[in-house]
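Dear colleague,

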Amino acid sequence: MAQYQTGQKRMLLAYMKAHSEEALTIEEWCRRLQAEPAPASVPGKSTVYRMMPRLVEEGLVRRFVKENSRTFLYQMVCGEHCDRHLHMKCSVCGKLYHMEDEDSEALFRQVLKKHHFQMDEGKTVLFGQCEGCAAKEGRDEE
């Protein structure tokens with residue numbers, strides 16, 4: 001079945017693509033969109049709530065659970081090969097980093113060989129702290 005793409009959907013996807021390093025709640029995406037100097041066709045909150053599950057299902061957007069909560073974060077999948085490598089997500093600032101394809105492949109092979117377990121490349125995210133947040137935390141402890 002062909003997917004009908006409205007101007008509001010295009011606008012949401014374009015905005016999310018421009019901010020693809022960020023993972024936000026639907027509420028946060030809506031607030032950000034409303035703050036943009038944009039035409040009147042900015043999608044409303046209820047429209048975004050309806051669109052987001054479809055975008056996840058279509059593989060255009062990735063959904064994460066926010067650290068030990070019931071809150072979901074949504075982030076644009078940033079390209080055709082985004083499902084072929086691991087992602088690293090900073091638990092402090094929320095940025096998503098892409099592991100090099102070669103490094104991801106090496107880790108996939110090692111896990112399969114040693115543990116006889118095949119990881120789902122498209123759904124595997126490593127959580128931790130990015131270099132900037134870890135350095136800031138170190139300075140705060142001094």
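This is a predicted model: local features need pLDDT of at least 70, side-chain atom pairs count only at pLDDT 80 or more; totals for chains, interfaces and linings use all residues.

I begin with the helices. Helix H1 (residues 7–18) packs against helix H2 (residues 26–35) at an angle of about 100°, the two axes being 11 Å apart, and H1 is therefore roughly perpendicular to H2. On the H1 side the contact is made by Met11, Leu12, Tyr15 and Met16, while H2 contributes Trp29, Arg32 and Leu33. Sorted by class, the residues of this contact are six nonpolar, no polar and one charged.

H2 also meets helix H3 (residues 45–57), and here the axes come within 10 Å and cross at roughly 130°, so H2 and H3 are oblique to each other. The crossing of H2 and H3 is right-handed. Ile26, Glu27, Trp29 and Cys30 of H2 face Lys45, Val48, Tyr49 and Met52 of H3, and by class this contact of H2 with H3 has six nonpolar, no polar and two charged residues.

Turning to the sheet, three strands form an open arrangement in the order E4-E3-E5, with mixed pairing. Strand E4 (96–98) and strand E5 (125–128) stand at the edges with a single partner strand each, so one side of each is left without a neighbour in the sheet. On average, and ignoring direction, neighbouring strands of this sheet are turned by 25° against each other. Strand E3 (residues 87–90) and E4 run antiparallel and are joined by three bridges, and within this part of the sheet methionine 88 stands opposite tyrosine 97 of E4.

Two single residues may also be of interest to you. Is glutamine 75 buried or exposed? Glutamine 75, which is found in strand E2 (residues 72–76), has a relative accessibility of 0% and therefore counts as buried, the cut-off being under 20%. Leaving aside residues up to four places away in sequence, glutamine 75 touches a list of residues that includes Met16, Ser20, Glu21, Leu60, Phe64, Lys89 and Leu96.

Histidine 116, by contrast, is exposed, with a relative accessible area of 68%, and lies in the loop between helix H4 (101–115) and E5. The phi of histidine 116 is near 55°, a positive value in a residue other than glycine, and most residues other than glycine have a negative phi.

Definitions and conventions:
Residues are numbered from 1 along each chain as its sequence is written. Side-chain values use heavy atoms; hydrogens and water are left out. Two strands pair if DSSP finds at least two bridges between them. Helices (H or I, at least four residues) and strands (E, at least two) are DSSP runs, numbered from the N terminus. Axes are lines fitted to C-alpha atoms, for helices over the stretch in contact, and angles run from 0 to 180 degrees between N-to-C directions. Buried means under 20% relative accessible area, exposed over 50%, partly exposed in between (1.4 Å probe, protein chains only). Contact means heavy atoms within 4.5 Å. Angles under 35 degrees count as roughly parallel, over 145 as roughly antiparallel, 65 to 115 as roughly perpendicular and the rest as oblique. Ala, Val, Leu, Ile, Met, Phe, Trp, Tyr, Cys and Pro count as nonpolar, Asp, Glu, Lys and Arg as charged, and the others, Gly among them, as polar. A crossing is left-handed if the near helix is turned anticlockwise from the far one by less than a right angle, and right-handed if clockwise.
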